[in-house]
Amino acid sequence: MLDFATMRAALAEAYDLTPSLTLAQEMADIHARMDRVIPLPDFARHAPYIRAINRLKREKNAVILAHNYMTPEIYHGVADVVGDSLQLAIEATKVEAETIVQCGVHFMAETSKILNPAKRVLIPDAQAGCSLAESITPEGIAQMRAKYPGAPVVSYVNTTAAVKAASDICCTSANAAQIVAALPEPTIIMTPDQYLAQNVAKAVPQKNVVWWAGSCIVHEQYTPADLRDFRAYHPGTKIIAHPECPPDVVAEADFSGSTAGMIDFVTREKPAQVMLVTECSMASNIADALPSVEFLGPCNMCPYMKMITLEKILWSLHTGTEEVTVDPALIDNARLAVERMIDLSRKLAQ
């Protein structure tokens, strides 16, 4: 566990982190990417951290990979690469920097380490877990294989390295249906997200998709009634749901897609009003790039994603903590499952 008092005292001694409106104004180009959601006085609190982190990245030959669920000051202020799980996995294979700082949850940092075993991978808070990743174990994979002999195991990238190593291929919400459809076997085991699997089963009816009963604490909370009630109050709003939502929620939406798919849809269609049925930071991160779009509606916050902060990123770079390691006995098989996903995704995109 991080000792916040010690961390803050050490950072205050090494860096000038006093909120500064003058510095915020000097960093107007960065603030412009988020001024719709972070007023200048609030950005003045973030500016010293952003300046310090960006300087340290250069000094320490580090790159920051940030998931779409990071807060705007991270997403726009310090990230070198942003994206969904598939995009980050692909970009992790291209990294030339000596150090990767993974701004997301722990399984994402493990994925970067699996793909870059010789590099140092840091996560600003090692306690940033994932309810979905924690719902499945290699023993659970073995149970599914025993129940469905000969069926390949497609595991969501939102899993631990041990689960990836026990699987045949990984997938993300962006490519799950395409990967399942491309496999030759008639029965496909999907773990651990039962709702993603059920949505894939509807999209790929020619396959017998069976699943493990895991779910995401953010997306499982939405109900069809939530969406219907919102439409009643805001008629004409486009509703976009993540495929980790239950199928009856997806059925109520106008469109369903990964976080990258959501961004593509809103950027392309530019609806006057839109509700993103996913984690809260999604709308905040794309609001400034789409000034004609009004983002409405409730959202659910991921407590694990929000454990990653500018303060912890600075501390991680300053001290070289917390480093992510993966059991060498797992790396080869886990990397094979991820690389199969990346290779198949590239082939399907051609």
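I note that the model is predicted, with local features needing pLDDT of at least 70, side-chain atom pairs counting only at pLDDT 80 or more, and totals for chains, interfaces and linings using all residues. Residues are numbered from 1 along each chain as its sequence is written, and side-chain values use heavy atoms, without hydrogens and water.

**Helix α17.** I traced α17 over residues 328–349. Helices are DSSP runs of H or I, at least four residues; strands are runs of E, at least two. The 22 residues reach 32 Å from first C-alpha to last, close to the 32 Å expected at 1.5 Å a residue. I checked burial (under 20% relative accessible area, 1.4 Å probe, protein chains only). Buried residues of α17 include I331, R335, M341 and S345. Their cover includes α6, α7, α9, β6 and α10.

**α6 against α17.** I fitted lines to C-alpha atoms over the stretch in contact, taking angles from 0 to 180 degrees between N-to-C directions. The axes come within 11 Å and cross at roughly 105°. The two helices are therefore roughly perpendicular (65 to 115 degrees). L86, A89 and I90 of α6 meet M341, I342, S345 and R346 of α17; contact means heavy atoms within 4.5 Å.

**S258.** I found S258 in the loop between β10 and α14. At 5% relative accessibility, S258 counts as buried. Its side chain joins that of D84 in a polar contact of 3.4 Å. Beyond neighbours within four places in sequence, S258 also touches S173, A174, H242 and P243.

Definitions and conventions: Expected span 1.5 Å × (residues − 1). Buried < 20%, exposed > 50% of the residue type's maximum accessible area, 1.4 Å probe, protein only. Parallel < 35°, antiparallel > 145°, perpendicular 65-115°, else oblique. Polar contact = N/O pair within 3.5 Å; in protein donor to acceptor, adjacent residues only side chain to side chain.
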